[in-house]
Amino acid sequence: MAGRDSKGTAKLSARLRCLALMATLPLLGACEQPREGPPTSEELGVPPLSAAEARIFLRDATLTFETEERTRYLYLREDGSMSGRSVDPKTKGADQASGFWQVDEDGLLCREWSNGWERGASGCAKVYRFGDNYLFVHESGGLGEETEYRGKREAGNTEGL
């Protein structure tokens with residue numbers, strides 16, 4: 001009987017060690033330091049657009065991005081003006097805004113709102129392109145509630161802004 005207890009105890013100990021190890025593995029990830037700041041080019045796998053690339057990609061384009069609270073459409077005109085519309089998907093209510101945009105020498109998209117959303121607020125973001133999709137990563141100033149915006153780009157004024 002002692003042999004069975006010993007063998008049973010050995011099996012139980014091995015199982016307990018295995019369960020303890022499995023239970024601690026998820027905690028190891030929690031020990032990592034959280035990353036601060038926007039994702040790097042290496043994390044994204046592509047570099048941000050150059051100034052020339054950003055101007056070509058953004059000029060005469062409608063940008064769409066969605067959150068749980070709203071869908072926003074932004075039309076960037078060739079003359080540097082912009083118009084936007086924000087639609088609440090639940091109530092279908094909408095508001096509009098306008099302002100100006102430019103791409104600086106570092107390739108950052110800089111926007112300034114004249115009215116509507118964040119009146120007078122301005123900010124700049126790095127522009128990443130993934131086919132017809134984009135990612136803006138906040139660099140300076142104020143760009144609203146988010147530190148990054150992801151969405152789709154379409155050529156022309158597809159929303160009649």
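Guide: Confidence first, since this is a predicted model. Over residues 24-35 the pLDDT falls below 50. Beyond near neighbours in sequence, that stretch has one contact in the model. Where pLDDT is low, the predicted coordinates should not be read in detail. The protein as a whole averages 78, and 67% of the residues score at least 70.

Now the barrel. Eight strands close it, in the order β1-β2-β3-β4-β5-β6-β7-β8. The pairing is antiparallel. From one strand to the next, the twist averages 35°. Take one pair as an example. Strand β2 covers residues 71-76 and strand β3 residues 81-87; six bridges join them in the antiparallel sense. Within this pair, T71 stands opposite V87 in β3.

Helix α3 (residues 51-58) packs on the sheet. The strands touched by α3 are β1 (61-66), β2, β4 (94-103), β5 (109-115), β6 (122-130), β7 (133-141) and β8 (148-155). The direction of α3 makes about 150° with that of β4.

Next, the core. The largest nonpolar core has 20 residues. Those touching the most other members are L58, L63, L76, W101, V127 and F136. Two or more residues come from each of α3, β1, β2, β4, β5, β6 and β7. Helix α3 gives the largest share, four residues.

V127 is worth a stop. Leave aside neighbours within four places in sequence. V127 is then in contact with P48, L49, F57, L58, G107, L109, L135 and F136. Two of these partners, L58 and F136, are also on the list of core residues that touch the most other members.

Last, the covalent link. The structure holds one disulfide. C110 and C124 form it, with sulfur atoms 2.1 Å apart. The torsion about the S-S bond is about 110°, so the disulfide is right-handed. C110 lies in strand β5 and C124 in strand β6, so the pair ties together parts that are 14 residues apart in sequence. Are these cysteines buried or exposed? The cut-off for buried is under 20% relative accessible area. C110 has 12% relative accessibility, so C110 counts as buried. C124 has 13%, so C124 counts as buried too.

Note on methods
Residues are numbered from 1 along each chain as its sequence is written. This is a predicted model: local features need pLDDT of at least 70, side-chain atom pairs count only at pLDDT 80 or more; totals for chains, interfaces and linings use all residues. Side-chain values use heavy atoms; hydrogens and water are left out. Two strands pair if DSSP finds at least two bridges between them. Axes are lines fitted to C-alpha atoms, for helices over the stretch in contact, and angles run from 0 to 180 degrees between N-to-C directions. Contact means heavy atoms within 4.5 Å. pLDDT is the predictor's confidence in each residue, from 0 to 100. A nonpolar core is a set of buried Ala, Val, Leu, Ile, Met, Phe, Trp, Tyr and Cys residues joined through side-chain atoms within 4.5 Å. Buried means under 20% relative accessible area, exposed over 50%, partly exposed in between (1.4 Å probe, protein chains only). A disulfide is a pair of cysteine sulfur atoms within 2.5 Å.
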